[in-house]
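Visitor: Hi! Could you walk me through this one while I have it open?
Guide: Happy to, let's bring it up.

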Amino acid sequence: MHRLDVPAPHLLPFAVGSFDTIGPLSRADFPHRHTFYEIAYVTGGSGHHVIDLARWPLRPPQLSFIVPGQVHHWDRVRDLRGWVILFTEDFLLAHPGDRYTLAKLGERPPLQVDPAAALRLTGLVREMVQECAERADAFTSVLQAQVHILAARALRLPGASRPEPATGRQAPVAREFTRLLARPGSAGRTVQSYADELGVSVGHLADVVKRSTGRTPGRIIRHAQTVEAKRLLSSTRLSVAQVARRVGFADPAYFCRFFRRETGVSPGDFRRTAGGDGPDEAAGGGGAMCPA
């Protein structure tokens, strides 16, 4: 788990720079997850960007969005060039709707950037680098606005497809549900627990989320549990029983049935196919076995 640590005088944690100036972790070749957002604008290089087990070839110029909790790494990259923008949840306070936009962009494959869009995007990122370097009055507000513009322009790119959130009084509830679900450790929660925290009924939450996403809260939660289980099985040495508990299942056998129903394979078969490490004694031994 990587946390964003940006020294003073930044008021809110934020960093922008090239892959070289940000440092080796910006192009880490091992699976890891962040507690912060990352926007990777790749302008050159070859290899693959692996995000939540999906392996995407680098075809610069290319734009990727990684949200808190997602697992990613760079695989066999060469001559990687471009910029990385890193910021925390608090950085979005000036434009809270960007949380929803970034969550939806994080679900997309890397976006291809056409020449005209690349020219504007490069100019915008360079302006952000300059703002960070100069630290003039209200530079944090300027950077927040520039991130907002970048996200808005990303929605214009082919393959992005603008999300259609709920409107009016429903919008804050739908956006907040999306934000809560994205927090690490939230995959095992129930629809009732989210409704209670948001101060609405289960029925109202279901209606708002379905209007906003086209899916029920339960379906979205099950998808989140499946994705998180895949992350843990492929990139940790936790036993199946430990993975089950991490994603909200007290009964490992029930988790195995759930996982097979959602993916078509058992957790063990998935781990072997994904190349994940098996459990060891430090991880609690072999844990519970899944039924065939």
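Visitor: Is arginine 99 buried or exposed?
Guide: Arginine 99 counts as buried, because its relative accessibility is 17% (buried means under 20% relative accessible area, exposed over 50%, partly exposed in between, with a 1.4 Å probe and protein chains only). Keep in mind that this is a predicted model, where local features need pLDDT of at least 70, side-chain atom pairs count only at pLDDT 80 or more, and totals for chains, interfaces and linings use all residues. Residues are numbered from 1 along each chain as its sequence is written, and side-chain values use heavy atoms, with hydrogens and water left out.

Visitor: Where is arginine 99, and what is it in contact with?
Guide: Arginine 99 sits in helix 2 (residues 98-106); helices (H or I, at least four residues) and strands (E, at least two) are DSSP runs, numbered from the N terminus. Leaving aside neighbours within four places in sequence, arginine 99 contacts Tyr37, Glu89, Leu92, Leu93 and Arg179, where contact means heavy atoms within 4.5 Å.

Visitor: Switching to helices, how do helix 8 and helix 11 pack?
Guide: Helix 8 (residues 217-235) and helix 11 (residues 267-274) pack at about 60°, and their axes are 8 Å apart. Axes are lines fitted to C-alpha atoms, for helices over the stretch in contact, and angles run from 0 to 180 degrees between N-to-C directions. That angle makes helix 8 oblique to helix 11 (under 35 degrees is roughly parallel, over 145 roughly antiparallel, 65 to 115 roughly perpendicular, and the rest oblique).

Visitor: Which residues meet there?
Guide: From helix 8, Lys230, Leu232, Leu233 and Ser234 meet Pro267, Phe270, Arg271 and Ala274 of helix 11.

Visitor: What about leucine 232, buried or exposed?
Guide: Leucine 232 counts as buried, since its relative accessibility is 4%. Not counting residues up to four places away in sequence, leucine 232 touches Arg33, Leu238, Val243, Arg246, Val247 and Arg271.

Visitor: New topic: how many residues of strand 1 are buried?
Guide: Four of the five residues in strand 1 (residues 14-18) are buried. Strand 1 runs antiparallel to strand 6 (residues 71-87), and five bridges join them; two strands pair if DSSP finds at least two bridges between them.

Visitor: Which residue is the bridge partner of phenylalanine 14?
Guide: That would be phenylalanine 87 in strand 6.

Visitor: And where is threonine 88?
Guide: Threonine 88 is in the loop between strand 6 and helix 2. Threonine 88 and proline 13 are 75 residues apart along the chain, with their C-alpha atoms separated by 6.0 Å.
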